[in-house]
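Dear colleague,

I am passing on a structure that may be new to you, together with some notes on its charged side chains and its surface. Please have the model open beside this message as you read.

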Amino acid sequence: MSEERASSLPIRPGMDVYGPDQSEYIGSVVAVERAAGGEIAGAGPRETGSSPDAAEGNPALVHEGGAATSPTPQVEPKRLGEEMGPVSTIDMGNTGPVRQSAAYHYATTAAHGAQVSRFAVRPGRINLGPLTPAFWVPVEEVRSVSMERVVLGRGKRHLAR
């Protein structure tokens with residue numbers, strides 16, 4: 001087997017995998033193999049902006065009288081949208097709304113924590129679990145990653161199994 005490269009791509013189980021023109025659905029990611037000791041320094045979400053003040057936080061707005069205030073003050077207490085719905089599923093054990101909140105960096109720290117060397121894809125739209133064998137795809141095959149979609153540089157029939 002050739003030497004595999006590791007990458008900081010945010011690939012995680014459950015993502016959909018498509019061919020190069022995105023018309024061919026290949027399958028879904030079922031496992032991710034991370035490089036040993038592959039912690040990435042400074043990885044994860046960070047606030048960005050066009051000025052040094054914006055990168056550190058919100059720049060203060062100066063009023064006519066010389067007083068400075070934040071442009072985005074927190075007026076209401078912080079509540080998850082899930083808590084305001086007709087039935088809160090947090091009480092039933094749903095951890096998604098909490099893990100995907102701003103306090104947890106929108107669940108991105110685990111995805112960016114270590115470098116991905118390859119990932120397993122279970123082919124097809126019908127998932128029969130262990131009856132449908134998965135195949136491994138090296139990160140070199142990845143053309144782009146967007147939200148819940150991984151686009152490969154080659155189609156399914158050209159991938160080595």
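Glu-148, with a relative accessibility of 42%, counts as partly exposed. Before going further, please bear in mind that this is a predicted model.

The side chain of Glu-148 meets that of Arg-12 in a salt bridge, with a distance of 2.5 Å from N to O. This pair links distant parts of the chain, since Glu-148 sits in the loop between strand E7 (142-146) and strand E8 (149-152), whereas Arg-12 belongs to the segment before strand E1 (16-18), and the two are 136 residues apart. Arg-12 is itself partly exposed, its relative accessible area being 28%.

In total, the count comes to three salt bridges. Another of them joins Arg-118 to Glu-33, where the closest N and O atoms are 3.1 Å apart. Here too distant parts of the chain are linked, with Arg-118 in strand E5 and Glu-33 in strand E2 (residues 25-39), 85 residues apart. Glu-33 counts as partly exposed, at 29% relative accessibility.

There is also a salt bridge between Arg-154 and Glu-141, whose closest N and O atoms are 2.6 Å apart. Arg-154 lies in the segment after E8 and Glu-141 in the loop between strand E6 (135-138) and E7, and these two residues are 13 residues apart. As for accessibility, Arg-154 is partly exposed at 37%, while Glu-141 has a relative accessibility of 14% and therefore counts as buried, the cut-off for that term being under 20%.

Which charged residue is buried yet has no salt bridge? That residue is Arg-122, and the nearest side chain of opposite charge, that of Asp-16, is 12 Å away. Arg-122 lies in strand E5, which covers residues 114-123. A polar atom of the Arg-122 side chain does, however, lie 2.9 Å from the backbone oxygen of Thr-132.

Note on methods: Residues are numbered from 1 along each chain as its sequence is written. This is a predicted model: local features need pLDDT of at least 70, side-chain atom pairs count only at pLDDT 80 or more; totals for chains, interfaces and linings use all residues. Side-chain values use heavy atoms; hydrogens and water are left out. Helices (H or I, at least four residues) and strands (E, at least two) are DSSP runs, numbered from the N terminus. Buried means under 20% relative accessible area, exposed over 50%, partly exposed in between (1.4 Å probe, protein chains only). Lys and Arg count as positive and Asp and Glu as negative; His and the chain ends are not counted. A salt bridge is a side-chain nitrogen of Lys or Arg within 4 Å of a carboxyl oxygen of Asp or Glu. A polar contact is a pair of N or O atoms within 3.5 Å; within protein, one must be able to donate a hydrogen and the other to accept it, and residues adjacent in sequence count only if both atoms are side-chain atoms.
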